[in-house]
Structures are given as C-alpha cells and as structure tokens.
Amino acid sequence: MEPIIIEGTAKTPSVRFDANAKIFEIKGRSIPENSVEFYKPLVDWLEQYKENPLEKTEVNIKLEYFNTSSSKCILDVFKKLEAIHKAKNEVQINWYYEEDDEDMLEAGEDYESIIRVPFKMIVTE
Amino acid sequence: MGFDVESYLSEHSNGDVILYYKGNIDSDVINHVLDTVEDKLVAGNEHPKLRKKVYNVLVESLQNLYHHVDRVPGDFEDQSSERYGLLQIRKIEDGYKIITGNFIRKDNIERLEEKIKRINRSSQEEIKELYKFILNHQRITNKGGGGLGLVDIARKTGNKLEYAFREYNSDYSFFYLDIHVNDNEK
C-alpha cells in the first residue's frame, strides 16, 4: 500500500501512515477551519488498510494543539482503528502529552473511554 | 450617533489590551491573530500551561466567529466583511480576557442563549460528559463547526460563559462573549 506522508503546517499536523515501515503517526498542530478536508484522505486510507493490516498497528498521536473541529475527525480516524482491532488485529494508540498539559491528557482519556482500542498515555519532557 | 460595537469594550476595560481587531474573520486573519498572540504570550514570559489554555480558547473563539457569524445588517458601516467579527484580548491581574463580538439575527438568539445557559448550569463533570456526548454523537455541520466550541471553552477555562446581547435594530443584535482564562498558578 502506498504510504501517506504529509508535511505539517502552522494549522495542520504532519502525518505518516506507512504500513511498509510500520509507522503510523500524527504530529503537531491540528487547528484548521476545515478539518474534514484534511482528515478525509487519512480515514479513506485506513479504510483500505483495514482489508489487509499488519499483525500489529501501533499509532503515535503527538498533538500539541487541536481544535474541536479536528476532535471529531480524530475520532473518525480512531473508529477506523477500532474496526481493525475488532477484526482480531492488534492495535495500540500511543497518546503523547506534555507533562503540564492536563487538557491534552484528558482529551486522550475522552477518546480512550469512547474507543475500544488499548491506549497508552505517554508523558513527554 | 448610532450603535457602537465598541461600547461594551469601553464598559469592561480593566487590564491591558494586547490585541484588538474588528473586521472580516477569514483564515488569514485567524493565522495572524494566533501568531501575534502566541508571540506576545512567549514575550510576556507566561508559563506554558497558561499559554496553551489561552491559545486553545482563542482558536475556538475565532473559529466560532468564522463558522457561525450572521451577515452584517444592510445599514452597518462595514459592508465589505463577509464574516464580521470583533476581538479583544486583555491581560488582567489573574489571567486573560478574550472578548468576541458578532452580529446575530434575532431568530437565532434563543438557540444560542439556551446553549450557553445549559453549559452554565452544568458542573465541570457534566460539561466533560456533554463534550464527550457531542463528540461521539453529533456530526460536523455543513457550516463546518462541530458544535463543541462553547463547551470546550467552558471546559478548558473552568469558568461560566459570560455574555451579552445588545440590540442593534428590530432584526439584529450584537452578541458578546466574554471569556476569562485564569492563571491557575497565581
């Protein structure tokens, strides 16, 4: 499968979904006005990836900021991962947050309570 | 002398204004405001926790304007702005104030006020549950908003949403949202 590699901008995160390299990562700021436009290719990619996933899919989410419009799109990404997990494949979401950023930790916990995929909360710095 | 969109600001003028803007709220304006405020927060040596809160709340309040403002009344001085909004950020003793203002058609007041009142009636725990409920059950509207902005602002600040409607004419009012971000380290 062709990987998705997107460079980050001031308002959108960098993305690498690369099954060959076993790297799945969203990193940076996600605060676009139109988040659906940005996230749709990722959701579509995962829909395809779901047909033939790796034995283990480990996804790193390293967000500095995200807006509420992105929060729904991120949920859509996670729902695809949930479907992969449900089909008896190993999936893990690593949710990174900075030490003093309780809001980011709470946001991760929100997703953890909604999505039936193992989460690992990882503190940085 | 007609309606003055700035009268609310002069009535609530404690602290130091660090940014003031009125006019069209488009994507470039939002970028510029965010960059400017971020630089000022860094230059003001605010600790990262407060910086992040202010930045987050500012993103939501600007994007609320971007997605939800009603078109300006036909006799308003600024007819060129597609999405007319007002923004003032002030540093006050225990944190920051972010005030936004925009026109709202009177038919839309009730729905907005109900939403704010519902949030203001809720405990922090209830707001958290409300956020999760909307996140999980409501789709993104065709305006592009997620319906979560105000809930998120209330959740992140831990404060009630202060607001005011000032009548412009028989069809329009001007809506002010007056957000207080506390510096919890103080």
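Reply: Start with a rule: two strands pair if DSSP finds at least two bridges between them. The model is predicted. In chain B, five strands form an open sheet with antiparallel pairing, in the order 1-2-3-5-4.

Me: What makes strand 1 and strand 4 of chain B stand at the edges?
Reply: Strand 1 (16–24) and strand 4 (162–167) of chain B each have a single partner strand, so one side of each has no neighbour in the sheet. Neighbouring strands of this sheet are turned by 15 degrees against each other on average, direction ignored.

Me: How do you know that strand 2 of chain B is joined to strand 3 of chain B?
Reply: At least two bridges are needed for a pair. Strand 2 (residues 84–92) and strand 3 of chain B are joined by seven bridges and run antiparallel, so they pair by that rule. One facing couple is Ile89(B) with Ile98(B), the latter in strand 3 of chain B. Two residues lie between strand 2 and strand 3 of chain B, and the two strands form a hairpin.

Me: What joins strand 3 of chain B to strand 5 of chain B?
Reply: Here 11 bridges link strand 3 with strand 5 (residues 172–182) of chain B, in the antiparallel sense. Phe103(B) has Phe174(B), in strand 5 of chain B, as its bridge partner. For Asn102(B), the bridge partner in strand 5 of chain B is Phe175(B).

Me: Why is strand 3 of chain B called mostly covered?
Reply: A residue is buried if 20 or more other C-beta atoms lie within 10 Å of its own. In strand 3 (residues 95–105) of chain B, 10 of the 11 residues are buried, so the strand is described as mostly covered.

Me: Which strands does helix 4 of chain B touch?
Reply: Helix 4 (residues 106–121) of chain B packs on the sheet and touches strand 3, strand 4 and strand 5 of chain B. The direction of helix 4 of chain B makes about 145 degrees with that of strand 3 of chain B.

Me: Now chain A. What elements does chain A have?
Reply: Chain A has three helices and six strands. From the N terminus on, the elements of chain A follow the pattern β-β-β-α-β-α-β-α-β. The six strands form an open sheet with mixed pairing, in the order 1-2-3-4-5-6.

Me: What makes strand 1 and strand 6 of chain A edge strands?
Reply: Strand 1 (4–6) and strand 6 (119–124) of chain A each pair on one side only. Strand 1 of chain A is joined by three bridges to strand 2 (residues 14–18) of chain A, and the two run antiparallel. Within that pair, Ile6(A) is opposite Val15(A).

Me: Where does helix 2 of chain A lie?
Reply: Helix 2 (residues 68–86) of chain A lies across strand 3 (23–30), strand 4 (56–66) and strand 5 (90–98) of chain A. Helix 2 of chain A runs at about 170 degrees to strand 4 of chain A.

Me: How do you know that the radius of gyration of chain A agrees with that of a compact globule?
Reply: A compact globule of 125 residues would have a radius of gyration near 14 Å, and chain A has 14 Å, so the two agree. The C-alpha atoms of chain A fill a box of roughly 35 × 25 × 25 Å along the principal axes. Of the 125 residues in chain A, 35% are buried.

Me: Which residues touch the most other members of the largest nonpolar core?
Reply: They are Val77(A), Leu81(A) and Ile98(B), in a core of 65 residues. Helix 3 of chain B gives the largest share of this core, eight residues. Leaving aside neighbours within four places in sequence, the contacts of Leu81(A) include Leu46(A), Val59(A) and Ile93(A).

Me: How many residues of chain B are in contact with chain A?
Reply: 22 residues of chain B are in contact with 18 residues of chain A. Helix 3 (48–68) of chain B is one of the elements that give two or more residues to this side of chain B. The share of helix 3 of chain B, nine residues, is the largest. By class, the side of chain B that touches chain A has seven nonpolar, nine polar and six charged residues.

Terms used. Residues are numbered from 1 along each chain as its sequence is written. Chains are lettered from A and ligands numbered from 1 in the order in which they are written. This is a predicted model: local features need pLDDT of at least 70, side-chain atom pairs count only at pLDDT 80 or more; totals for chains, interfaces and linings use all residues. Two residues are in contact if their C-beta atoms, placed from the backbone, lie within 7 Å. Helices (H or I, at least four residues) and strands (E, at least two) are DSSP runs, numbered from the N terminus. Ala, Val, Leu, Ile, Met, Phe, Trp, Tyr, Cys and Pro count as nonpolar, Asp, Glu, Lys and Arg as charged, and the others, Gly among them, as polar. The radius of gyration is taken over C-alpha atoms; the globule rule is 2.2 Å times the number of residues to the power 0.38. A residue is buried if 20 or more other C-beta atoms lie within 10 Å of its own, exposed if 12 or fewer, and partly exposed in between; C-beta atoms are placed from the backbone. Axes are lines fitted to C-alpha atoms, for helices over the stretch in contact, and angles run from 0 to 180 degrees between N-to-C directions. A nonpolar core is a set of buried Ala, Val, Leu, Ile, Met, Phe, Trp, Tyr and Cys residues joined through C-beta atoms within 7 Å.
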